[in-house]
Amino acid sequence: MSHSRFESIGAYLPSNIVTTQELLSRLKEPPSFDLEKITGVKERRVHDTSPENYEDSFAIAMKAAEDCLSRSRYEAAELDVVISTSITRSNHATRMYMEPSFAGSISRLIGAKNAITFDVSNACAGMLTGTYILDRMIRSGAVRNGMVVSGEAITPIADTAVAEISEKYDLQFASLSVGDSGAAVVLDEAVDDNDKIHYIEMMTASEYSHLCLGMPSDKSQGVALYTDNRKMHNEDRFLLGTNSQINYLQAQGRTFADEKFDYVIHHQFGAAAIPWMNAICEREFGTPMPPDLRVIEKYGNTSTTSHFIVLHDQLSEQNIPAGSKLLMIPAASGIVTGFLSTTISSLKV
C-alpha cells in the first residue's frame with residue numbers, strides 16, 4: 001500500500017509581538033495568579049490591523065501557502081487538492097465568510113486552477129484533520145498531491161477578554177493565551193521510508209463536547225472562548241487518545257517502544273499541560289516518551305496551525321536531524337484526539 005509524505009512546509013507569523021505582561025496590563029483587574037507561569041506563554045504574534053496592511057485570516061493563510069510553494073517541487077497548477085482548515089474565517093478585514101470557500105479562493109489566487117477545493121472545520125485539530133483526509137486521498141490513488149493550509153487571526157478573542165474581564169478570576173483568561181499565525185503543507189506520495197507518514201488516525205468523542213464552551217459577546221468585537229480546564233484536563237479525556245494508539249499498535253503486533261519516536265509534538269495549549277500529558281503517556285505505554293518539541297513560549301496557542309508552527313520553527317532552528325521520527329498528538333474541542341507518525345528527512349525551511 002502506498003503512503004504519503006510531507007513534501008514541503010510553509011508558515012507565516014505576523015511581525016507584531018505582544019507579551020503576556022503587556023496584555024495583562026490592559027486588564028481592569030489583574031489576575032490573582034501568574035498567567036505566564038501557568039500557560040508558559042511569554043509572548044505571541046498579533047496580526048496587523050492597520051487599514052493599509054490588515055492581516056485577516058485569509059491574508060495570513062495566503063502568505064503561508066505562498067511560503068510553502070516557494071520550497072515545493074510543485075507549481076501551484078500541479079496541485080490536485082487544496083484544503084483550508086481555518087477556524088477564523090475573516091476576509092476583507094473583519095468580515096466573516098462561510099462562502100465562497102477559503103480553499104477555493106486561495107487556489108484561484110495562487111494559481112491552482114485544476115485543484116479540488118474544500119474547507120474543513122474541526123477546531124484546533126483542523127490541519128491534522130486536513131492532513132488525515134489528504135493522506136487517505138493519496139493512499140487511495142484518487143490524487144497525486146495536495147496542500148493543507150490554515151490562517152488564524154484569532155487574537156480578537158483576547159481583545160474581547162481584555163475588555164470584559166473584571167474579576168481576579170474569569171473563565172475567559174484562557175483566551176489570553178492565543179496567537180496569530182498561518183501554516184501550510186504539501187503532501188505527495190512517499191518514495192521511501194526516509195520521508196513518510198507511517199499512519200494517521202483521528203477520533204472524536206462527542207459525548208464530552210459539552211466540556212468545551214463558548215461565550216459570544218455583545219460588548220465588543222469577536223467571540224470570547226474559554227475552556228473549563230478543570231474538566232478538560234482530566235485523565236479520562238486524555239486517555240481517549242493514548243488508548244486509541246495502544247489499540248492501533250496492538251492490531252499491528254507492535255508496542256509504543258517499537259516505534260522508536262525521536263520527538264513528540266503536542267498541541268500547544270499550555271506548558272504545564274505538556275509534561276502532564278507525557279506522564280500519562282509514559283504510564284499507559286509503559287515506556288518513556290521522547291523529548292517534546294514546543295514553541296508555546298514564543299507564539300502561544302495558535303489553534304489549528306499549532307503542530308506545524310512547531311515543526312516549521314524547529315526545522316528552521318535545525319533542531320530536527322534528517323531521518324527523525326515524529327509523533328504528533330492533537331487535542332481539540334469536539335472532543336478530538338488522535339495521532340500521526342511520520343519520518344522526515346528532506347523537509348526543509
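Among contacts (heavy atoms within 4.5 Å) in the chain between residues at least 6 apart in sequence, 79% join residues at least 24 apart. The structure is a predicted model, in which local features need pLDDT of at least 70 and side-chain atom pairs count only at pLDDT 80 or more, while totals for chains, interfaces and linings use all residues. Residues are numbered from 1 along each chain as its sequence is written, and side-chain values use heavy atoms, with hydrogens and water left out.

**Confidence**
- The average pLDDT (the predictor's confidence in each residue, from 0 to 100) of the chain is 90, and 91% of the residues score at least 70.
- Residues 214–233 have a pLDDT below 50; this stretch has 43 contacts in the model beyond near neighbours in sequence.

**Overall form**
- The C-alpha trace spans about 60 × 50 × 40 Å along its principal axes.
- The chain contains 12 helices and 15 strands, counted as DSSP runs (helices H or I, at least four residues; strands E, at least two) and numbered from the N terminus.
- Of the 349 residues, 58% are buried, meaning under 20% relative accessible area, with exposed being over 50% and partly exposed in between (1.4 Å probe, protein chains only).

**Annotated domains**
- An unreviewed UniProt entry annotates residues 118–202 as "domain: Beta-ketoacyl-[acyl-carrier-protein] synthase III N-terminal"; annotations may be inferred rather than shown by experiment.
- Residues 118–202 are 28% helix and 31% strand, with end C-alpha atoms 19 Å apart.
- The UniProt entry, unreviewed, also places "domain: Beta-ketoacyl-[acyl-carrier-protein] synthase III C-terminal" at residues 258–338.
- Residues 258–338 are 37% helix and 16% strand, and their end C-alpha atoms lie 18 Å apart.

**Cysteines**
- Zero disulfides (pairs of cysteine sulfur atoms within 2.5 Å) are found in a search of the whole structure.
- Cys-68 is buried, with a relative accessible area of 0%.
- Cys-124 also counts as buried, at 17% relative accessibility.

**Leu-315**
- Leu-315 lies in helix H12 (residues 306–316) and counts as buried because its relative accessibility is 11%.
- Leaving aside neighbours within four places in sequence, Leu-315 contacts Ile-9, Ile-320, Ile-344, Leu-347 and Val-349.
- Leu-315 and Val-349 are 34 residues apart in sequence, with 6.1 Å between their C-alpha atoms.
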